[in-house]
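Please look through the sequence and the 3D structure below before reading on.

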Amino acid sequence: MQGTPTEVFRPYGSRDLEVLLSRSSLSASYRLQARAVAEVLPFRANSYVVDELIDWSAVPDDPMFRLTFPQPEMLPADDRERVAGLLAASAPRSRMQDVVRAVRARLNPHPSGQRERNVPVVDGRAVPGTQHKYRETVLFFPRRGQTCHAYCTYCFRWAQFVGDADLRFAGEVEPVVRYLASRPEVSDVLLTGGDPLVMSARMLAGYVEPLLADHLAHVSTLRIGTKALSYWPYRFVSDPDAGELLDLFRRIVAAGRRLVVMAHYSHPRELGTGVAVEAVRRVLETGASVRVQAPLIRGVNDEAALWQELWSSAVRLDMVPYYMFVERDTGPQDHFAVPLGRAWEIYRDAYAGVSGLARTVRGPVMSADEGKVCVDGVLGAGEDRVFVLRYLQAREPGWVGRPFLARFDPAATWWSQLQPVVGAAGAGEFDPFAVTGGAGP
Ligand SMILES: *Cc1c(COP(=O)(O)O)cnc(C)c1O
Ligand code: SF4
C-alpha cells in the first residue's frame, strides 16, 4: 500500500465535479444537472473514494457513485432546471445564491424538531452540542468533528455541511462533563457528527480525555460514530497521526472504559480493499470493538444479498452487525426512500442468509420522535395486513420492547405515514400513536 497515490488525503468538492465526472461517459446534460444539484446540496469526496471505491465503468448506476455523487433526481425538476440554467449562463454569484437559498429552504432539513426537544440542561443552562433522549446514552457533537471525509448523498445532516450557521449544532466538552457528573444513570457517551475522526488525534484527545476522569466512572462506554473506516481507512493506517489515534484508543481501554466504534458501512464493497481490512484490524487491536450500521438506501444497498454479504464480511473481520436503519425524511430523501414493507423483506431475507453470529443486527429501524421503532414484520392477508412494530429505544423507557400494530401500507416509507389498528395499538400508558397521531412531524 505504501506509495499508492490514494493514501494522501485529497478532498474533492463541487468545483472538481466537472473534471471528476469526465471519467465517466455521462452526457453533458447529465453533468450539468449533477453540478446544479451540487450547488444546492453539499458534495465532498476524496482520492480513496474516487479511485478505489467507485467503479467508473458502471457510473451512473454504481452504488458507491450514487452514495457520494450528486444525482439529478435529488432535486425537484423545476428547481434543478433553474439552477442548471444559471450555471449554463454563468449567472452572477449573488443571483445564484438567492436561488440556492430558496431551494434549500424548501427541502426541509429538520424533520422532527429533535434538537430542541433533547437538549439537556445543567446548572440551569442548556448543554450545547448534546442530545439526551434515551436514559443510558448521551450524544455529543464535538464542535470540530462536524464534517466528514466524504458526504453521503442522502445525509440528513446536509444543512450543517453547507455552513448554515443556524443549523450547526456542536459544542465543547466542559459543559458535557458537568452534565454527566450530575447523571449517574448515563453509561454511554456517543461522540458523533459529522465524523469525529476527521479531527486530529490531538484534538480528539482534548474531547475524550476529560470524559475519562474518575468522577465519570459511571460512563463505562465511549462510542465513536464514524464513517472513516469506509471513506478514509488510511486514517488508521498511514495518516501522520494514525499511531497517535490508535494510542488514544488504547488509553481509553487502559482507563477501564469500553470503546465501541459505531462504524457506518453502506455496502460490502467498503470492506473490499486491503487498506479497509487493515484499518479494521488495527482498530480492533487497540481493544476497541466495532459495531456495523447503515441506512437502507434505494439504488445503493436495497438488495438482501448486499446486506447478507456486508454482515457476513463484518463478522469475518470480528465486527458486530448492529442496526439497519430506515432513512428519515430529509428533503432529498424522496429519491432514496425504500417502502417499509420492502425494507422489512430485505432485512428478513438477509437475516435468514447469515450465520447466527451476524444475527445481532436489528432492523429496519426508524429513529422517530418518541424512539427507535423497529419493523418486526407484516402479518395477515389482503385488507387485514398489519405491520408489527416495536420500540428498541424510547424516550419513555417503559415502552421499550412492547409490540404494537399499524395498518399495512405498501407505499409508507416513514413512521409518520402509519395509522394505528383500532383497538390494538396499545392503550393507557402505552399508546404509541397518541403522541404524533400517526401523522405528526
Ligand atoms: C440511536 C440513538 C442512540 C443510541 O441508541 P442505541 O440503541 O443504544 O445504539 C442514542 N441517542 C439517540 C438520540 C439516538 O438516536
Ligand atoms: S458519514 Fe454520516 S454524517 Fe457524514 S455524510 Fe455520511 S451519513 Fe452524513
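**The ligand and the domains**

Strand E5 gives 3 residues to the shell around ligand 1, the largest share. The model is a predicted one.

Which residues surround ligand 1? They are Gln-131, Lys-133, Tyr-134, Thr-137, Leu-139, Arg-223, Tyr-322, Tyr-323, Ser-367, Lys-372 and Gln-393.

For Tyr-323 the distance is 2.5 Å. For Arg-223, an N or O atom of the side chain is 2.8 Å from an oxygen atom of the ligand, and for Lys-372 a polar side-chain atom is at 2.9 Å from one. On its own, ligand 1 has 390 Å² of accessible area, and the protein covers 88% of that.

Now consider the chain as a whole. Its domain assignment lists domain 1 (11-105), domain 2 (114-338) and domain 3 (368-441). The centres of domain 1 and domain 2, taken over C-alpha atoms, are 27 Å apart. Domain 1 brings 26 residues to the contact between these two, and domain 2 brings 29 residues.

How much area is buried between domain 1 and domain 2? The value is about 2300 Å², and carbon and sulfur atoms give 64% of it. On the domain 1 side, the residues that lose the most area to domain 2 are Arg-44, Tyr-48 and Leu-67, which together make up 30% of what that side buries.

Note on methods: Residues numbered from 1 in each chain as written. Chains lettered and ligands numbered in written order. Predicted model: local features only at pLDDT ≥ 70, side-chain atom pairs only at ≥ 80, totals over all residues. Heavy atoms only, no water. Near = heavy atom within 4 Å. Polar contact = N/O pair within 3.5 Å; in protein donor to acceptor, adjacent residues only side chain to side chain. Areas by Shrake-Rupley, 256 points an atom, 1.4 Å probe, with all protein chains shown as cover. Helix = DSSP H or I, 4+ residues; strand = E, 2+ residues; numbered from the N terminus. Domains from an automatic or database assignment. Contact = heavy atoms within 4.5 Å. Buried area = accessible area lost by both parts, 1.4 Å probe.
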